[in-house]
Amino acid sequence: MRKIYLSLIFLFIGLSTLYAQTLKGRVVDTETGEPVPGVTITVAETQQGTISDGDGYYTLPLRAGDYTVKFSFIGYETQSQTLTVNGPTTLDVSLEESVSSLADVVVIGSRSTEVRTMLETAVPIDVIVASDLRSTGQIEPTQMMNLVAPSFNSSRQTVADGTDHIDPATIRGLGPDQVLVLLNGKRRHNQALINVNGTIGRGSVGTDLNTIPAAAIERIEVLRDGASSQYGSDAIAGVVNVVMRKDVGTYATLHTGQQYLGDGTNLNLGLYQGFKVGQKGSISAAIDVRFREQTNRAGDYTGPVYVNWNGTTNLTTRQTQYDQDRALIQQNGFKLSKNMLIGNSAVNNFGGMLNGNLPLNDKTTFYFTGILNYRQGQAAGFYRYPFQTTQVNTAIYPNGFLPEIHSTIWDGSILAGFSGEFGNGWLWDVSNVYGSNSFRFDVKNSNNASQIASLGASAPTSFYAGQLEFSQNTTDLSVSKNFGDQMGLKSFNIAAGLNYRLDNYAIKAGEEASWRNYDPTSGRAGGAQVFPGFQPSNETNPYRSVFGAYLDIETDLTEKLLLSAAGRYENYSDFGDNFAGKFSFRYKFADAFSLRGSISNGFRAPSIHQRYFSAISTVFVSTVTGLQPRQQGTFPNGSTVANAFGIPSLKAETSMNYSVGITSKLGKLVNITVDAYQIDINDRIILTGQFNRGTTGTGLQIANILDAAGQSEVNAAVFFANAVNTRTQGIDVVITANPKIGQGELTITLAGNMNRTEVLGDPKASATLPPDQFGNILFNRQERARLELAQPRNKFTLGFNYKIGKFATNLRITRFGEVETLDPSNPLLDEYFYPKAITDLSVSYKFYKFLQVTLGANNLFDVYPDKLQKIQFPTATSTTSLDNSSFGRFEYSRNATQFGFNGGYYYMTLSANF
C-alpha cells in the first residue's frame with residue numbers, strides 16, 4: 001500500500017461562415033477578474049452553443065435577431081442575458097461563484113425548451129453540483145449523496161453475500177428498484193445482483209451508482225416525484241439523473257483517509273480532462289481509482305467452539321461440556337475476539353469515462369458517453385466453528401474457518417445519439433444506449449463438507465460459484481416543439497417519443513464442487529460454505545422486450561401559471577402492458593411565493609431478475625440455540641415448487657402519487673421549498689418469508705411439498721410475490737441562505753425529509769394454502785419492519801459553507817431518525833435505535849490558483865448507533881436465550897442501519913484545476 005501511495009502522489013504532482021453576424025466576448029470571475037475557461041454558452045432559441053477557451057474568450061456565429069444567451073459553469077451562478085444581434089456584437093460577462101445554489105437550472109422532469117430553475121419547476125428537484133459532492137469527504141457517489149440529499153438513503157451492508165459489494169440506494173424510504181437512474185438523461189441499466197439476503201431492499205434490484213466515476217460528474221439531479229409517465233417503469237419514488245462533465249480543462253484529486261480506529265483506509269485518485277473541439281464541441285475523459293480497506297466492528301464470541309455445550313438442556317452436562325470447550329480453546333489458542341469480519345467489505349474499484357458533444361453542422365450534433373468499471377471485492381460470512389461437524393472439514397480446518405466471498409464486477413455502457421433541429425423549430429433526438437453488468441462469485445477459505453469422506457484433507461478450499469449477468473439495450477426517438485409564439489403564449493411545448501428496450505438476464509452455474517452434495521446420506525452440507533454455487537438447474541438466459549410511447553405537454557399559460565401533462569404507454573413481452581399519466585402545475589403569486597403540485601399514477605414492472613432468479617443459498621436464522629444455518633431455496637414464479645405453494649405469476653406494481661408544495665425566494669439571500677407527498681403502491685413485490693420444513697403441522701406440510709418437488713435437501717423456500725399494499729407520506733424541506741459576512745461568502749443550508757411508510761391491510765396469502773397458516777410466513781413481522789421501520793423516518797442536514805480569500809470551511813450536521821427491527825415471531829427480540837446526529841468538518845486552503853488542500857473529519861465526534869440490547873445469550877448455567885447478537889458477535893444491527901457503525905473518519909484531499 002505504501003508503494004501505491006508514493007506512486008500516486010508522484011503521479012499527482014507530475015499532472016499538477018454561414019452566419020453574417022458574430023457574437024463574441026469574454027467570461028471572467030466577478031471577484032478576481034480572472035478568466036473562466038470551460039464556461040458553457042448556449043442560445044435558448046436555437047441548438048447553438050460554444051465553450052469559452054483557456055482565456056475565457058468565446059465566439060458564436062448567429063443570424064440577426066433577438067436572443068437569450070445562458071452562461072453556466074460548475075461552481076458559478078448561472079447567468080442569462082437577453083440581447084439583439086444585428087451586426088458584430090460583443091457581450092462580456094462576469095460570473096459570481098456559488099458553493100451551491102437552490103436556483104440552479106435543471107433539465108430533469110421536463111422536456112420543455114424553457115429554461116427553469118429549481119424554484120420554478122412544478123415538482124421538487126434537487127441539484128447537487130460536483131463541489132457539493134466533493135465537500136462530503138466521501139469517495140463513492142452513493143455515500144456522497146447520502147450526506148447532501150435528505151430524501152436519499154444509502155448505507156453499506158455487512159455479512160450479506162453480494163450486497164456487501166453493492167450499496168442499495170433509496171428515495172423517500174421506498175425500495176431501490178422504485179428509483180429510476182438516468183445518465184445524461186438516458187435510462188441506465190440495472191445491476192445483475194438481486195438483493196436476497198436480510199438487508200434494506202431485500203428482494204429488489206437497484207442500479208449501482210458507484211460504477212460512475214466521481215471525477216466525471218458535473219451534477220446530480222434528483223427528481224422527488226413519481227415520473228413513470230415521463231420516463232417509464234421504476235420511477236415511482238423518483239428519478240436520479242447523473243450529468244457528465246463536458247467543460248474544458250484539467251482536474252485532479254487525491255484523497256486518503258482512515259477510520260479513527262485505524263482500519264478502513266481509503267485511497268482515491270480522480271483525473272479529468274476536457275478538450276475543446278472546434279468552436280462548439282468538446283470531448284472529455286475521466287479516470288477514477290478507489291481502494292477501500294475493510295473495517296471490523298465484530299464483538300467477542302461467547303458461544304461453543306469445539307464442544308457444543310449449547311446442544312443440551314441438562315445443566316450438569318452443559319457445565320461439563322463448557323469446561324471441556326474452554327480448555328480446548330485455551331489449548332489451541334483460539335481467538336474469541338473479532339473472529340468475524342463485520343463492517344465494510346474490502347473493495348478495489350477502477351472506472352473510466354469518455355464523453356463527447358460534436359456538432360456536425362449548424363443544426364445537428366453527435367454525442368456519446370462511454371463508461372467502463374471494474375471492481376474486486378472481498379467480504380466474509382459467518383465463522384464455521386469446529387463443533388459444526390456438518391459444515392466443517394476438520395482435517396483441513398481443525399480450528400474452523402471464516403469463509404470469504406470474492407466478487408468480480410464488470411459494468412459498462414455506451415450511449416450514442418444525434419440531436420438537432422428541422423423545419424420551423426422542431427427539435428429531434430435519436431439515441432441508443434447499451435449497458436451491461438456482471439457479478440462473479442468466488443468462494444475462498446471454505447470447504448464442501450460433503451467431500452470429507454471421499455477427499456479428506458485434500459478437498460478443495462476455493463470454488464468458482466457462478467455468475468450473474470444483466471444487459472439492456474434501449475433505443476429512443478423524440479421530437480419536441482414550442483408553439484408558444486404561434487399561440488400567443490410564453491411557451492406551449494409538445495414533446496413525443498418512442499422507445500424500444502431489450503433486457504437480458506443470465507445465471508451461469510458454478511463448478512460442480514461449489515454446489516453438489518457428494519454424500520447426501522451423511523447429513524453433511526453440500527456445496528461451498530457461505531455461498532453454495534449456482535446449479536445447472538438455476539441456469540437461465542431469458543430475454544424480454546419493452547415498447548414505449550409518450551406524449552408530454554407543458555405550457556406557461558400565463559406569466560404566473562405553469563401547467564404540465566404527460567402520458568406514457570408501455571408493453572412488456574413477458575407480462576403485458578401499462579399506462580401512466582401525470583398532471584402538474586405551478587402558480588407564481590410573486591417571487592416570494594409560488595404554489596405547486598402534481599398527481600400521477602405510475603407503475604413498476606417486475607424486473608426480469610425477479611421473474612427468473614433461482615438459487616440455493618446458506619442463510620442464518622434465529623433459534624433458541626442461536627443463529628443456525630439453513631439451506632434456503634429461492635424458486636421462480638412458474639416453477640414446480642412455486643406452483644405447489646400456490647404462488648401466482650408476478651404482475652406490475654401500480655402507484656398513485658400526490659404532492660403539493662410551496663417555493664419562496666426572499667430577496668437574493670433566502671430560498672425555501674416545502675413539499676408534502678403521498679405515494680400509494682398496490683401489489684408491491686416482496687421476497688417472502690421462509691417456508692420452513694418441519695416434522696409436525698405446518699412444517700410437515702411444507703416438507704411434503706418440498707419433497708414432492710424434488711427439493712429434499714432444502715430446509716426452506718422463498719418466493720417473489722405481489723404480496724402487500726403500502727402508503728408512504730412525508731414532507732421535504734429545503735432552505736438556503738447566502739448572507740454576506742465581511743469579505744467572505746457564507747452559504748447556509750437546512751434540508752430535511754420526514755416520511756412514514758405503512759402496510760395497508762393484510763398481506764395477500766398464497767392462492768393454494770390457507771391464510772391462517774401461511775399469512776405470517778408470506779409476509780412476517782420482520783419483513784413488515786423492513787418496509788416500515790428499517791430506514792430512518794426522518795433525516796435533517798444543517799450545513800455551513802464559508803469562503804474568504806484562500807480559505808474555505810465546511811461544517812455539516814446530519815441527524816438520522818430512529819429505526820427499528822422486529823423479530824419474525826418473538827416480540828421480545830424487537831429492537832429500537834434512537835436518532836443520532838453526526839458532524840462533518842473540513843477546512844480548505846488554496847496554496848496556488850490551481851492547487852487546494854483539504855483536511856477534514858467525517859463523524860467528527862465518533863458517534864455510533866445504539867448497540868443491540870437483546871443480548872441475553874445462553875451460558876453454561878442457563879439455557880435462557882433472548883439474543884440478537886449471535887453470542888456477542890454482532891454489537892450493532894445489520895438489519896436496520898442509519899449511517900453505518902464504523903465511527904469517525906479523518907482524511908486529506910489534494911485537488912488541482914488547470
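Trainee: How many salt bridges does a search of the whole structure find?

Mentor: Side chains of opposite charge can pair when their charged atoms come close. In this predicted model, the search of the whole structure finds 40 salt bridges. One of them joins R292 and E140, whose closest N and O atoms are 3.1 Å apart. R292 belongs to strand β20 (residues 281-292) and E140 to the loop between α2 (130-134) and α3 (141-148), so this pair ties together parts that are 152 residues apart in sequence.

Trainee: Are R292 and E140 buried or exposed?

Mentor: Both residues, R292 and E140, are buried.

Trainee: Which residue forms a salt bridge with R781?

Mentor: The partner is D830, and the closest N and O atoms of the two are 2.7 Å apart. Because R781 lies in helix α13 (residues 781-788) and D830 in the loop between β42 (819-821) and β43 (831-833), the pair ties together parts that are 49 residues apart in sequence. As for burial, the limit is a relative accessible area under 20%. R781, with a relative accessible area of 28%, is partly exposed, whereas D830, with 17%, is buried.

Trainee: What are the positions of D866 and K836 in the structure?

Mentor: These two residues form a salt bridge, with their closest N and O atoms 3.0 Å apart. D866 is found in the loop between β45 (851-858) and β46 (871-872), and K836 in strand β44 (residues 836-846), so the pair ties together parts that are 30 residues apart in sequence. D866 counts as buried at 17% relative accessibility, while K836 counts as partly exposed at 22%.

Trainee: Which residues do salt bridges that share partners join into one network?

Mentor: Such a network consists of R501, D503, R544, D574 and R611.

Trainee: With which side chain does the side chain of E221 make a polar contact?

Mentor: The contact is with the side chain of R219, at 2.9 Å. E221 itself lies in strand β16 (residues 217-223) and is buried, its relative accessible area being 0%.

Trainee: In what order do the strands of the open sheet that contains β16 stand?

Mentor: Strands of a sheet pair through backbone hydrogen bonds, either parallel or antiparallel. Here, five strands form an open sheet in the order β11-β16-β17-β14-β15, and the pairing is mixed. The edges are β11 (125-129) and β15 (186-187); each has a single partner strand, so one side of each is left without a neighbour in the sheet. Strand β14 (residues 179-183) pairs with β15 in the antiparallel sense over two bridges, and L182 stands opposite R187 in β15.

Trainee: How many residues lie between β29 and β30 in their hairpin?

Mentor: The hairpin has two residues between these strands. Strand β29 (residues 576-590) and strand β30 (residues 593-604) pair in the antiparallel sense over eight bridges, and F585 stands opposite G597 in β30.

Trainee: In what sense do β30 and β33 pair?

Mentor: Strand β33 (residues 653-666) and β30 pair in the antiparallel sense, over eleven bridges. The bridge partner of S600 in β33 is N657.

Technical notes. Residues are numbered from 1 along each chain as its sequence is written. This is a predicted model: local features need pLDDT of at least 70, side-chain atom pairs count only at pLDDT 80 or more; totals for chains, interfaces and linings use all residues. Side-chain values use heavy atoms; hydrogens and water are left out. A salt bridge is a side-chain nitrogen of Lys or Arg within 4 Å of a carboxyl oxygen of Asp or Glu. Helices (H or I, at least four residues) and strands (E, at least two) are DSSP runs, numbered from the N terminus. Buried means under 20% relative accessible area, exposed over 50%, partly exposed in between (1.4 Å probe, protein chains only). A polar contact is a pair of N or O atoms within 3.5 Å; within protein, one must be able to donate a hydrogen and the other to accept it, and residues adjacent in sequence count only if both atoms are side-chain atoms. Two strands pair if DSSP finds at least two bridges between them.
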